[in-house]
Amino acid sequence: PNAFCRKQYVRAGQMIFNSAGDDNMDEHQQQQQQPSEAERIMEQASREGANRIKELSIAERTKRAMMAEAVEDRIFSMYD
């Protein structure tokens, strides 16, 4: 019944629904929506890392991306 008034938010791979009908959720469902301590730590580290990457030059970011791709290709070639 609340499908049309429900807003969907996506944050760090987790879907959180916000609507008037959410007040009726049982405690187990509410606990599943709250990020764990480990998830909060990972999200904070991700934000800090993203801010540090923003400070790098485009050339440095490109170099790092290319090196990461080369490492990934090498790893996949070892398992093929």
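In the predicted model, Glu60, Lys63 and Arg64 are joined in a network of salt bridges. Glu60 pairs with Arg64, their closest N and O atoms lying 3.0 Å apart, and Glu60 also pairs with Lys63, for which the corresponding distance is 3.9 Å. The second of these values falls inside the criterion applied here, because a salt bridge requires a side-chain nitrogen of Lys or Arg within 4 Å of a carboxyl oxygen of Asp or Glu. Both pairings occur along helix H3: Lys63 and Glu60 are three residues apart, about one turn of the helix, and Glu60 and Arg64, at four residues apart, are likewise separated by about one helical turn.

The structure holds three salt bridges. One of them lies in helix H2 (residues 37-54), where Arg40 and Glu37 are three residues apart. Their side chains meet at 3.0 Å, N to O. Arg40 is partly exposed, with a relative accessible area of 42%, as is Glu37, at 47%. Side chains of opposite charge can pair when their charged atoms come close.

Further along helix H3, which spans residues 58-79, a nonpolar patch on the surface is formed by Val71, Ile75, Met78 and Tyr79. Together these residues present about 470 Å² of accessible area. Ile75 counts as partly exposed because its relative accessibility is 42%. Ser77, also in helix H3, is partly exposed at 41% relative accessibility, and its side chain reaches the backbone oxygen of Arg74 at 2.7 Å.

The protein comprises three helices and two strands, arranged from the N terminus as β-β-α-α-α. Buried residues account for 9% of the 80 residues. The accessible surface totals about 7,200 Å², of which carbon and sulfur atoms contribute 56%. Among contacts with a separation of 6 or more, 9% involve residues 24 or more positions apart.

The mean pLDDT of the protein is 76, and 60% of the residues score at least 70. The highest mean, 95, is found in H3, whereas the lowest, 45, belongs to strand S1 (residues 7-11). Residues 1-14 have a pLDDT below 50, although this stretch makes 27 contacts in the model beyond near neighbours in sequence. Where pLDDT is low, the predicted coordinates should not be read in detail.

Terms used:
Residues numbered from 1 in each chain as written. Heavy atoms only, no water. Patch = residues over 30% accessible without salt bridge, like charges linked within 9 Å, V, L, I, M, F, W, Y side chains within 5 Å. Areas by Shrake-Rupley, 256 points an atom, 1.4 Å probe, with all protein chains shown as cover. Buried < 20%, exposed > 50% of the residue type's maximum accessible area, 1.4 Å probe, protein only. pLDDT = per-residue confidence, 0-100. Contact = heavy atoms within 4.5 Å. Polar contact = N/O pair within 3.5 Å; in protein donor to acceptor, adjacent residues only side chain to side chain.
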